[in-house]
Amino acid sequence: MTTTLLLTNGLVIDTDPEPTVLGTADVLVEDGRIAAVGPDLAAPDGAETVDATGRIVMPGFVDTHRHTWQAGIRAALPDGTLPAYLRRVLGELAPRYRPDDVFAGTLAGSLECLDSGITTLVDWSHIQLSPDHTEANIAALRAAGIRAVFGYCYGGGGDLGALAAETRRVHREHFAASGGPVTMAMAALGPEIAGDERALAEWRTARDLGLPVTAHMGGHGAESAARGLAFLDAHGLTDHPATYVHANFYSDEDLKRIAGSGGTVSVAPAIEAALDIGAPPTGRARGAGAPTGLGADTVASGPGDMFSIMRAAYVLERGRPDGAGRGFTTADVLRTATIEGAEVAGLADATGSLTPGKQADLLVLRTDTFGLAAAHDPIAAVVLAADTRNVDTVLVGGRVVKRGGVLQGHDVPALLASLADSAAHVTAA
């Protein structure tokens, strides 16, 4: 349920066209959307007033790549590598998942996002072992109340006709009607992982249904990256809206070609470094003109909150051995975590900034903590000093999903107990 809300007297940060501190101001929310931003706004009759004095008010974060179902196997693979992840998580643990495990993990992972200020999520879901697993995944996203793009990755065998048919069924039964905070994308394995024939089926099905594509491409070595991009070129597929996840090994010229074709890039800086996938391409992708967002990827091997991810992006880019990342600023990081991430998710018209008319996906941060007290640069403080303890209030589409530091509308202890039961089942020897 949405109401008319007036957030008053907060220190407001907007992100479009660039992160900017607007100063002390109010934010008016009507019918789930941002109606106005400015000082001393009048409260409409019947509006609820939220005093944001001593708080930072800003757009919610956007996570552009997360395997949300993995919340129940957090820290299951520390200190590992990508081959170890493929073997342990996808080869051993994933096949043990029942639909109930998918529901518990996806709901818990989505609420983890909301709890830490992530209001929009691209859920790259490769746990579609059956139609029941798919139903559970979608139901969990909708139950959470998060804004999400459900990235459907067909989990059946090699029957490409079945891939197309099942993708169409999921779209028809769950996403054919427009509207609602959960939409659909094709989570494609792509030519580098699944080979040419499946990749063709994925892209062509996505094109037929009008779905954007999000694919792991560019993270398997320079030769593989070049070959995959050449495959898309050869089949006339680069003009279809696509996000390239882990674009680590693309050359600068390749990234310019991606940008020129309307493509976007999702970087998971903590995971790309931890699993030795490759140097995160954050600065190179943005320099090439490609909208670039950040993602947690997997909590099996890394953090799940955007504050940690922003810091990883900042430090890894600034610390590039060639020195080319020294121009990467905290404002750049905040942009990738908000409006630029919304561009990657295909939702920049709906979220990512405080532009009037957009959905009221908002984040209110406490500043009365040692980590944020006396911060001279609010943007830098959000990126370098804030953490999940500062997340006081979160709105999605004008609906308050967290208030006073407490998630609303969910029995969190019961969910955590369910997640623990699921984890015990999935990891049992």
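What follows is a short tour with a handful of stops.

Before you start, note that this is a predicted model: local features need pLDDT of at least 70, side-chain atom pairs count only at pLDDT 80 or more, and totals for chains, interfaces and linings use all residues. Residues are numbered from 1 along each chain as its sequence is written, and side-chain values use heavy atoms, with hydrogens and water left out.

**Stop 1: the hairpin**

Select residues 20-30 and 33-38. These are strands β2 and β3, which run antiparallel and are joined by five bridges. Strands here are DSSP runs of E with at least two residues, helices are runs of H or I with at least four, and both are numbered from the N terminus. Two strands count as paired if DSSP finds at least two bridges between them. Look across from E30 and you'll find R33 in β3.

Now zoom in on the turn: β2 and β3 make a hairpin with two residues between them. D31 sits in this loop, and its phi is positive, about 55°, although D31 is not a glycine. Most residues other than glycine have a negative phi, and most peptide bonds are trans. Is D31 buried or exposed? It counts as exposed, because its relative accessibility is 71%. The cut-offs are under 20% relative accessible area for buried, over 50% for exposed, and partly exposed in between (1.4 Å probe, protein chains only).

**Stop 2: a cis bond and another positive phi**

Select P17, in the loop between β1 (5-14) and β2. The peptide bond from D16 to P17 is cis, with omega near 10°.

Then jump to D297, in the loop between β13 (292-294) and α11 (306-318). D297 is not a glycine either, yet has a positive phi of about 70°. With a relative accessibility of 4%, D297 counts as buried.

**Stop 3: the sheet**

Which strands make up the open sheet, and in what order? There are eight, running β6-β7-β8-β9-β10-β11-β12-β13, with parallel pairing. The edges are β6 (61-66) and β13, each pairing on one side only. From one strand to the next, the twist averages 25°. Angles like this run from 0 to 180 degrees between N-to-C directions, and axes are lines fitted to C-alpha atoms, for helices over the stretch in contact.

For a closer look, select 242-245 and 264-267: β11 and β12 pair in parallel over three bridges. T243 stands opposite T264 in β12.

Contact means heavy atoms within 4.5 Å.

**Stop 4: two helices side by side**

Select 131-144 and 160-174. The axes of α3 and α4 come within 12 Å and cross at roughly 35°. Show side chains for P131, T134, E135, I138 and R142 in α3, which meet E166, R169, V170 and H174 in α4.

**Last stop: the annotated stretch**

Finally, colour residues 56-401, which an unreviewed UniProt entry annotates as "domain: Amidohydrolase-related". UniProt positions are in the numbering used here, feature names are shortened, and annotations may be inferred rather than shown by experiment. Over this stretch the chain is 42% helix and 19% strand, with the end C-alpha atoms 17 Å apart.
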